[in-house]
Amino acid sequence: MALHPINHVWEQGRAYALLGPSGCGKTTLLNIISGLIFPSQGRVLFDGKDVTQLPTEQRNIAQVFQFPVIYDTMTVGENLAFPLKNRRMERAAIKARVAEIADLLDLTNDLSRRARALTVEAKQKVSLGRGLVRADVAAMLFDEPLTVIDPALKWHLRSKLKAVHRALDLLMIYVTHDQVEALTFADEVVVMKDGRVLQVASPAQLFERPEHTFVGYFIGSPGMNLIAAKVSDHVAHVSGHDIELGARYPKIKNGDAVIGFRPDFASLAPEGGIPVQVRRIEDLGRRRLARVALGPHEIFANVPEGVSIGGGTAGLSIQQDRLFVYVDDELVLGDRR
Amino acid sequence: MEKPLNNRAWLMVAPVLVLVLFSALLPMMTVVNYSVQDSLGQNQFFWNGDAWFRDLLNPSTEIGARFSDALLRNLSFSLVTLALEVPLGIAIALCLPRGGWAVGPLLVIIALPMLIPWNVIGTMWQIFSRADIGLFGAALTGLGLHYNVTQNAISAWCTIVVIDVWHWTPLIILLTYAGLRAIPDAYYQAARIDAASRWATFINIELPKLQKVLVIAILLRFMQTFMIYTEPFVVTGGGPGSATTFLSIDLVKIALGQVDLGPAAAMSLVYNLITLTICWIFFTIMTQLDRRRYA
Amino acid sequence: MAAEVLSTSSLVAVENPARPRRAFRLTNLLPRIGFAIYLLALMLPIYWLINMSLRSNEEITSSLAFWPHHPSLQKYFFIFNDPTWVHAFMVSLTYVAINTVISVTVALPAAYAFNRYHFIGDKYLFFWLLSNLMAPAAVYAMPFFNLYYAIGLFDTIWAVALAHCLFNVPVAVWILEGFVAGVPREIDEMAAIDGYSFPRFFIRIFIPLIANGVGVTAFFCFMFSWVEQLLATTLTATDALPFAAVMTRSYSVAGMDWSLLAAAGVLTMIPGALVIWFVRNHIAKGFALGRV
């Protein structure tokens, strides 16, 4: 697995998500941080101390995996006590700490039960508990921990994770390919693809200002509309129509670019704006989503409340400050007029 | 896991059924036939009821004594070899690398003893254990031990045990290795994060996950030691005296050597019944383990 | 706690990221030494046999040596040129091959049925099959003798090939069932939706998916049949003698022909070694994927 150079500072007490499709390198990055893999180049620093060559057990990290990893033959209490016993903590201190973490995770009643008899999500809590029980843990790493959890119960475990985060003020790094998980969990999301980091930003910023076409496309449901266009100065030409851009773009080679805008910032009206063919309007309860066509391009747009679209054509308006221009998939900033 | 009920599946199982019925049930029927009859010679048989069986299971009769001696010999042999092979096999399996180029060749070398025809194993060790032409025999007598396979019962016993351990530990190694490979990496990673020692990793992760494989391995090995024939036959012939006359050797002696078909048949049936019972016990243990896992 | 807890700078990882190296300690060295000793002990009797096979009988009986002083392949040439020996080896190879083919072919549909379907008596049938694995050959020697004599197959390779089915068919079903379990049912369903008839699906799609399993199974069937000699010698007399029977006749006026025996023994190891060498990758993969 090859990763492109990554330079990042992960701050204490914040929650980060590593988001991206399968094979993008997020698990590799996580394993480099936790010490399960060694990078061939580069360094990992904890508080300025170089830990790159240190094995996992000597770093102050804990990791939760895709499926619950528990010690079958032990009780829940023994599971939680295990990391402390191995580090030669004294028995009374272990007992107190185990009780504290069990209370935090609602496992107090299960302490004397055999770990393998629990439900899957309880087992995953035990896995989590084993990481939290060490007071010196500086970072909690999660590798898609909700993968085997029943969808109906995912929210429960997610809110538990947030509660733990607030209570213990830990640095948490969470790997996932599910954008909902990433966006609800993290303070900052690291979007990755093919071994490179595309953008590191808060969920709001990722939504409002994607710096890469993949970020725009991957985040949001449906994702950003991306349309090939010829850009000349402050106008984008798409299928014989001109769209006004919010800035000037004098330096685009051949004018080849992609314009992007989210459906949330595009609205449909019976007339006015760019003429488009209406294919379908879906009533999703909270909003109405229209699927329209501009020439050969398929576009998603919002239908505002109270507006009814009758015939097969309508007018599309795009919020100018949410209309972005991408060249070679990267966001290009124009000159404001 | 839901499996659709489909009785047409019997068609797919039919060839297997026919073959094994032919190989197993048909012959057993003749055995049952012989076990309840006696003969005055010249192919004339008359009903003998359970007389053979009662003789067999009564240690005070000649055949009963012979049978219980052989049974005892077999059981102690099985226990001793298992006690040696299982820990050794597990220990060696733990030493094998989890991946890489060396695995293939190492597996081949380790499996080699199992690929040798059993009579050749007997011959090999027959040579190897002789004091005049074999390294093993020469080394032991050179150390001053009274080692003589043909005359000393303890030597004969120890040699057969060593042969069996040499021959079949690879089976335990291969099965254990397969079981170890099935353990996901995450468990080992979690153990490292928990700062667990190698021993703690073995006891808490590897051994529990090897339960099913070990039950299978122990069952197979127990049955094989219980049925052992060729190796002791070639190396010691069952001797000295009857020191290494195991059940199979005794049975073949009676059945093919003499004309006592009745007692031989009775012994066959009891022998088979014992193996079936042990098999059933292990099978139950295995299904219990499966059920517990998915509880 | 400082604001900067963790920083990863200029990380570039390449193919096959290195696993952390274990510290060089005595506790790591000890198992390796033990392993090496085990391998040595394993190879020693085999080496000794090879040693014997390259020495003449006079040399063997006169002195004990670690390697042959005048190595000669004389006994090997003798075996290759003696029709009895050659015939015996061919007979053995043939019945083993026949048995492997029969066992695997018959076991494939059965393994599929056991894993995918539930039918009346399936658990008992499976158990009974497995119990035949544990059948003592000694118990069956006499009855087989009578049976195959009665149907006129006595002293033919078919007798041995069929007799070995007693334990090889259960072995094949058992191992294959584990591999069938590893193929998701969705594949069967997709093939049915795509309009495949069952035989076509089974042969064209399913069997290639468990190729590793078939390799492992064939290996075990070959192994168990090749090594079994009690039934093989009981069911044959002159026409279909396996090599084991010929080996027991290696007496001469001067006593046991040790070097001839040793040479024959070494030759019998070769087919087994070849087979496992060819399937070694299947086995390693099969162990990782399937249930043994």
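**Interfaces between chains and between domains**

The rule does find five residue pairs in polar contact across the interface of chain B and chain C (both residues at pLDDT 80 or more). Here a polar contact is a pair of N or O atoms within 3.5 Å; within protein, one must be able to donate a hydrogen and the other to accept it, and residues adjacent in sequence count only if both atoms are side-chain atoms. Helix 1 of chain B (residues 9-35) gives the largest share of the side of chain B that touches chain C, namely 20 residues. Helices (H or I, at least four residues) and strands (E, at least two) are DSSP runs, numbered from the N terminus. By class, that side of chain B has 70 nonpolar, 15 polar and nine charged residues. Ala, Val, Leu, Ile, Met, Phe, Trp, Tyr, Cys and Pro count as nonpolar, Asp, Glu, Lys and Arg as charged, and the others, Gly among them, as polar.

The model is a predicted one, in which local features need pLDDT of at least 70 and side-chain atom pairs count only at pLDDT 80 or more, while totals for chains, interfaces and linings use all residues. Residues are numbered from 1 along each chain as its sequence is written, chains are lettered from A and ligands numbered from 1 in the order in which they are written, and side-chain values use heavy atoms, with hydrogens and water left out.

How many residues does the contact take from chain B and from chain C? It takes 94 residues from chain B and 91 residues from chain C, contact meaning heavy atoms within 4.5 Å. The area buried between chain B and chain C is about 8100 Å², and carbon and sulfur atoms give 82% of it. Buried area is the accessible area (1.4 Å probe) that two parts lose on being put together, summed over both. On the chain B side, B:Met12, B:Leu115 and B:Ile133 supply 9% of the area buried against chain C, more than any other three residues.

Next comes the pairing of chain A with chain B. In this pairing, 23 residues of chain A are in contact with 17 residues of chain B. About 1800 Å² is buried between chain A and chain B, with 57% of it from carbon and sulfur atoms. A:Leu36, A:Phe65 and A:Tyr71 supply 25% of what chain A buries against chain B, more than any other three residues. Three salt bridges are counted between chain A and chain B. A:Arg130 forms a salt bridge with B:Asp194, and the closest N and O atoms are 2.7 Å apart. The rule also finds seven residue pairs in polar contact across the interface of chain A and chain B (both at pLDDT 80 or more). Strand 5 (61-64) and helix 2 (76-86) of chain A are the elements that give two or more residues to the side of chain A that touches chain B. The residues of that side divide into 12 nonpolar, five polar and six charged.

Within chain A, an automatic or database domain assignment gives domain 1 (15-218) and domain 2 (225-332). The C-alpha centres of these two domains of chain A lie 40 Å apart, and the contact takes 11 residues from domain 1 and 10 residues from domain 2. The two domains of chain A bury about 1000 Å² between them, 57% of it on carbon and sulfur atoms. In domain 1 of chain A, A:Phe207, A:Glu208 and A:Thr213 lose the most area to domain 2, together 53% of what that side buries. Between domain 1 and domain 2 of chain A the count is zero salt bridges, but six residue pairs are in polar contact (both at pLDDT 80 or more). Helix 7 (203-208) and helix 8 (213-218) of chain A each supply at least two residues of the domain 1 side, and the largest share, four residues, comes from helix 8 of chain A.

Chain C is likewise divided, into domain 1 (32-72) and domain 2 (82-283). Nine residues from domain 1 of chain C and nine residues from domain 2 of chain C make up the contact. About 640 Å² is buried between these domains of chain C, 76% of it from carbon and sulfur atoms. C:Leu49, C:Ser53 and C:Asn57 of domain 1 lose the most area to domain 2 of chain C, together 61% of what that side buries.

Note on methods. Salt bridge = Lys/Arg side-chain N within 4 Å of Asp/Glu carboxyl O.
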